[in-house]
Amino acid sequence: MYLQHHLLKLEYSKILEELSLFCVTEQGKNLCLSLLPSSDQTEVEKRLAETQEAIDLSLYHHLPSLSPIADISHSLLVLETYGVLSCEALLQLTKLFKLGGQLKNAFPKDDVHHRFPQLEILFEELYTNPNIIQTIDRSIVDENTIDDSASKTLQTIRKKERHLIDSIRNKLTTMIHSSGYAKYIQESVITSRNGRYVIPIKEEYRSQVKGLVHDISSSGSTVFIEPMSVFEWNNELQQLKIEEEREIEKILQELSKLFYPYQEELKQNRKIIGQLDFIFAKVHYAKKIQGNIPQLNNQKEIILKQAIHPLLDPKQAVPISLSLGKSYSCLVITGPNTGGKTVTLKTVGLLSAMVASGLAVPASSQSSFAVFDSIFADIGDDQSIGNSLSTFSSHLKNIIAILAECNENSLVLVDELGSGTDPIEGASLAISILNELQKRNLLCLATTHYQELKKYAMKTEGFENASVEFDLETLSPTYRLVIGVPGKSNAFAISEKLGLSSTLIEEAKNRLTKQDLDFETLVKQIYEDKQKIEQEKRQIEEELKEITALKQKLEHKSHLQEEKEQERIQKAKEQAREILFEAKEEASWALKEIKQWENISSKEAEKAINQIRNELGKSIKNVSPSLPSTTSSLDSPLSVKELKLGDEVWVSTLGQKGTILSVPNLSSKNKDTLVQVGNIKLSLPLSYLAPTDSSSTTAKLTSSSTHSSTPISTHYASGSKAKTAKTEINVIGYTVEEANMVVDKFLDDCSLAKLQTVRIVHGKGTGKLRQGIHSFLKKNPHVKSYRMGTFGEGEMGVTVVELT
């Protein structure tokens with residue numbers, strides 16, 4: 001159990017005050033100011049998880065701003081007795097429903113991974129009622145006004161009132177501007193007294209105006225008279241006002257009835273909105289102190305990394321790091337006054353209390369805390385003249401109380417243990433107290449100036465020394481905490497810096513025992529070694545940061561290069577695709593031309609085909625001048641002597657076998673050979689021909705064929721295509737681009753095979769594949785027409801194509 005007295009010593013109440021400043025509702029502020037640390041591990045885990053969820057939610061999602069909520073306690077009592085609420089009260093209750101709906105709708109609905117389980121419960125429990133909200137908004141204008149449209153009766157009454165008021169004002173306006181009344185009028189205005197319209201008349205002429213006097217000015221020079229000409233109208237207006245009040249009362253009664261069934265929902269919304277206000281105040285406070293949610297452990301350890309006191313300016317505070325509970329359970333801190341010893345004690349205790357309260361702390365997220373049953377702190381001076389308590393007595397009284405209440409799961413913080421009395425006796429008493437605390441297996445931090453405690457901590461298991469640095473050059477503390485090294489007195493060094501006589505300093509040194517001098521020398525050596533190690537450690541850390549930064553830079557650079565390379569590859573693929581399509585168009589043109597020559601003499605057909613081939617070759621070279629030649633010569637071409645009529649040869653440009661029809665003369669400059677490939681005769685250079693039984697040539701040709709022009713080899717192999725062409729192709733599962741490539745090849749084969757009608761099976765699906773294929777068929781030169789399949793042909797899942 002955490003005692004308020006010890007929390008006050010740690011300035012825990014100031015943390016709560018700062019936290020409450022971020023709340024906008026009274027309920028949220030009350031939750032902040034009443035917050036106490038928990039000693040239940042499960043409860044602390046829940047609190048911290050709740051805060052972390054709120055931090056994450058505020059980072060990734062925008063939530064509506066909360067606004068102050070009025071105290072609705074009285075309104076709830078009225079509802080319990082089925083009474084009538086005022087316009088203001090109705091608006092306040094409606095605001096609870098509105099705010100509940102806004103928060104509920106703002107919570108992410110797509111959180112399928114349930115990243116905010118605790119907050120999700122709260123948001124889900126919020127209640128809203130759109131019908132009530134709409135009715136109230138339509139019926140109430142502001143805190144004092146009911147809208148005319150709230151009821152037809154009210155609308156009629158107010159319409160009559162406005163008409164009557166206009167009549168009265170017109171009548172009075174005529175009077176005050178008439179020549180007969182001009183000299184009687186004090187001021188040309190129309191005003192009202194007691195709900196009745198009057199005009200200001202000069203006192204001396206009051207008898208000249210017939211009517212009722214309702215008021216007299218403070219000076220007595222003006223009387224406010226209701227002329228008899230408007231008397232009846234004013235009476236009628238008063239009657240309408242009474243009817244209006246009665247109707248408004250009825251309307252308020254009806255509107256109040258809307259809330260009778262929802263009293264629990266109103267209470268629940270008020271409670272949850274207050275809780276959310278408190279929770280998100282923790283988020284704002286975490287941002288202010290640059291806090292993180294630390295880890296919890298079950299090993300009764302405190303591991304602080306780069307921690308600062310939350311009430312100090314984070315830009316100026318010096319972070320501390322320490323470990324308590326692993327190799328030692330009691331840390332003895334020594335050093336000069338105002339050096340940061342007490343701040344270290346308060347930081348450890350205050351951060352432990354904040355964690356147990358579910359708050360973020362200004363420390364690294366790698367910091368780890370145990371959950372304690374209680375935290376005891378004897379910090380500061382509680383001396384009291386009235387109670388005859390000296391500094392020593394007040395400290396000792398606190399220590400006695402702590403020893404009576406602490407257990408093995410306590411954290412004890414003691415400042416200046418054993419001070420305020422004889423140093424020898426005080427040091428002995430301090431050692432005994434620390435030894436007793438250590439026996440109880442609890443965690444303890446203590447500050448002291450006694451050399452005896454430093455020595456005891458150095459040689460006793462379970463104890464460790466620590467000190468706060470002091471800069472002898474500036475004669476000021478650096479506030480850095482150094483673990484493992486007891487603090488030096490520095491009294492002689494400081495005295496020398498301040499100008500004390502060296503003779504006096506030497507005399508003072510001579511008064512010290514050899515044991516004291518040896519201890520100070522040992523402490524100095526340990527301190528200097530520790531400083532050197534710390535300096536080297538910081539240097540290594542800085543170099544490691546530089547190496548990490550350089551590695552990240554190189555990885556980023558490598559990633560950018562990979563992206564650029566992928567872009568170049570993609571661009572090359574796109575260019576290659578364009579080249580293939582252009583070549584495809586050329587090939588289609590060539591097929592059409594070839595078909596036109598099928599019915600004429602073979603001589604003319606041969607001449608025309610050779611001409612088409614030459615034009616096609618030139619076109620391909622123009623389309624892709626930078627690509628490797630698709631008709632590259634063989635490494636071992638045939639010679640004229642090896643050629644014989646009727647021999648079968650391999651044509652590298654087509655990737656097919658052919659038969660020699662003529663052999664060039666040895667003396668002729670033109671070494672082209674006439675070769676028949678399928679039904680086509682071609683005149684080819686010897687460099688494009690190879691024996692069909694050459695294994696090496698076959699291997700080369702296989703490799704070469706991957707670079708050869710697809711349009712040529714495909715369109716001239718009409719014989720083989722005619723044998724293998726199918727009348728139907730299935731492209732279900734393909735993308736539109738893939739399907740178009742497959743269909744294009746299919747139509748080429750079917751055209752070469754002289755098929756008239758073919759079927760493309762694309763399925764029904766969403767229709768995108770069918771639309772893409774139809775768009776492609778419109779542009780394809782082989783297609784004469786196309787239609788959807790009929791009953792028995794596949795209907796909408798099949799397209800029937802008629803070829804040219």
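How are α4 and α7 oriented to each other: roughly parallel or roughly perpendicular? The answer comes in point 2.

1. **Ground rules.** This is a predicted model, in which local features need pLDDT of at least 70, side-chain atom pairs count only at pLDDT 80 or more, and totals for chains, interfaces and linings use all residues. Residues are numbered from 1 along each chain as its sequence is written, and side-chain values use heavy atoms, with hydrogens and water left out.

2. **Helices α4 and α7.** Start with helix α4 (residues 41-60) and helix α7 (residues 117-125): their axes come within 8 Å and cross at roughly 75°. Axes are lines fitted to C-alpha atoms, for helices over the stretch in contact, and angles run from 0 to 180 degrees between N-to-C directions. Angles under 35 degrees count as roughly parallel, over 145 as roughly antiparallel, 65 to 115 as roughly perpendicular and the rest as oblique. α4 and α7 are therefore roughly perpendicular to each other. On the α4 side the contact uses K46, A49, E50, E53, A54 and L57, and on the α7 side P117, Q118, L119 and F123. Contact means heavy atoms within 4.5 Å. By class, 6 of these residues are nonpolar, 1 is polar and 3 are charged. Here Ala, Val, Leu, Ile, Met, Phe, Trp, Tyr, Cys and Pro count as nonpolar, Asp, Glu, Lys and Arg as charged, and the others, Gly among them, as polar.

3. **Helices α5 and α11.** The axes of α5 (residues 73-80) and α11 (residues 263-288) come within 11 Å, crossing at roughly 165°. α5 and α11 are therefore roughly antiparallel to each other. S73, L76, L79 and E80 of α5 touch Q263, L266, K267 and R270 of α11. That contact divides into 3 nonpolar, 2 polar and 3 charged residues.

4. **The chain overall.** The protein chain has 24 helices and 25 strands. Both are DSSP runs, numbered from the N terminus: helices are H or I with at least four residues, strands are E with at least two. Of its 804 residues, 41% count as buried. Buried means under 20% relative accessible area, exposed over 50%, and partly exposed in between (1.4 Å probe, protein chains only).

5. **An open sheet.** Look for 6 strands in the order β12-β13-β14-β10-β15-β16, with mixed pairing. Its edge strands, β12 (374-378) and β16 (476-483), each pair on one side only. Two strands pair if DSSP finds at least two bridges between them. Inside the sheet, β10 (residues 330-334) and β15 (residues 463-471) run parallel and share 5 bridges. Helix α13 (residues 391-405) lies across β12 and β13 (410-414), at about 165° to β12.

6. **Strand β4 and its partners.** β4 is mostly covered, with 6 of its 7 residues buried. β3 (residues 191-193) pairs with β4 in the antiparallel sense over 3 bridges. T191 stands opposite V198. The hairpin of β3 and β4 has 2 residues between the strands, and N194 takes a positive phi near 55°. β4 is also joined to β6 (residues 222-227) by 4 bridges, and these two strands run antiparallel. There, I201 has V223 as its bridge partner.

7. E204 sits in the loop between β4 (196-202) and β5 (211-216). Buried or exposed? E204 is exposed, at 54% relative accessible area. E204 and S221 are 17 residues apart in sequence, and 8.0 Å apart in space, C-alpha to C-alpha.
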